[in-house]
Amino acid sequence: MKDATMPQISLSARVKAAVANGRTSGTVWCFTTSRFRVLLQIEPDFNYRYDGDDLEGETQAALDSGEYVAFDSAVVVELDGVEIARDSLGGSVYSEDCISEFWTAHRDSDPMNRNCSIMRAARGGNVSICHYFPDMVRQPLKHSV
């Protein structure tokens, strides 16, 4: 029996509160309908070795010091509580205090940092800013319908 004095908080509200309080692993984003849930789950990769352009070793040094964080992420689509699709990405590297930009940067308040008509008018019609998260949501949704 549920305690009548305890307020019921939706999963997305709990996730938003946890992220606002510094959560950097587990479910960090959630969208829910009556039957579907779309979740973003991230887990730190403490043993990640940076394999991009890093001739001076600065990125790996920042990872080793904790200034940067490497993590793996998965967008999971559930129908009635059962996973029906997923898309995963490993080896994302972000500044420790900017991890949430992985799932928020595509909605940046500055239109020059988004894929929108204002940015394309200024930079050219073929320019695209790479935001992984929207595609990670799009792919499993496409396969689940």
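Is Glu-78 buried or exposed? Glu-78 is buried, with a relative accessible area of 14%, where buried means under 20%, exposed over 50% and partly exposed in between (1.4 Å probe, protein chains only). The legends below start with the whole chain and then turn to close-ups.

This is a predicted model, in which local features need pLDDT of at least 70 and side-chain atom pairs count only at pLDDT 80 or more, while totals for chains, interfaces and linings use all residues. Residues are numbered from 1 along each chain as its sequence is written, and side-chain values use heavy atoms, with hydrogens and water left out.

**View 1. The whole chain has five helices and four strands.** Helices (H or I, at least four residues) and strands (E, at least two) are DSSP runs, numbered from the N terminus. Following the sequence, the pattern reads α-β-β-α-β-β-α-α-α. Of the 145 residues, 27% are buried. The protein exposes about 9600 Å², with carbon and sulfur atoms supplying 50% of that area; accessible areas come from the Shrake-Rupley method with a 1.4 Å probe, and for residues only the protein chains shown count as cover. Contact means heavy atoms within 4.5 Å. Among contacts between residues at least 6 apart in sequence, 50% join residues at least 24 apart.

**View 2. Glu-78 and Arg-37 meet through their side chains in a salt bridge (3.0 Å, N to O).** This pair links distant parts of the chain, with Arg-37 in strand β2 (residues 36-44) and Glu-78 in strand β3 (residues 68-79), 41 residues apart. A salt bridge here is a side-chain nitrogen of Lys or Arg within 4 Å of a carboxyl oxygen of Asp or Glu, and by this rule the count comes to five. Arg-37 is partly exposed, at 28% relative accessible area. Leaving aside neighbours within four places in sequence, Glu-78 is in contact with Arg-35, Phe-36, Arg-37, Leu-39, Glu-83 and Ile-84.

**View 3. Asp-64 and Arg-49 form a salt bridge between their side chains (3.7 Å, N to O).** Here too the pair links distant parts of the chain: Asp-64 sits in helix α2 (residues 58-65) and Arg-49 in the loop between β2 and α2, 15 residues apart. Both Asp-64 and Arg-49 are exposed.

View 4. Arg-138 counts as partly exposed at 47% relative accessibility, and Asp-135 is partly exposed at 38%.

**View 5. Ser-92 is a buried residue in strand β4.** Its relative accessible area is 7%. Not counting residues up to four places away in sequence, Ser-92 touches Val-69, Ala-70, Phe-71 and Phe-102.

**View 6. Glu-67, Glu-96, Asp-97 and Glu-101 gather in a patch of negative charge on the surface.** Patches are made of residues with over 30% relative accessible area and no salt bridge, and like charges are joined within 9 Å. Asp and Glu count as negative, whereas Lys and Arg count as positive; His and the chain ends are not counted. The place of a charge is taken as CG of Asp, CD of Glu, NZ of Lys or CZ of Arg. Asp-97 is exposed, with a relative accessible area of 61%.

How values were computed. Patches are made of residues with over 30% relative accessible area and no salt bridge: like charges are joined within 9 Å, nonpolar side chains (Val, Leu, Ile, Met, Phe, Trp, Tyr) within 5 Å.
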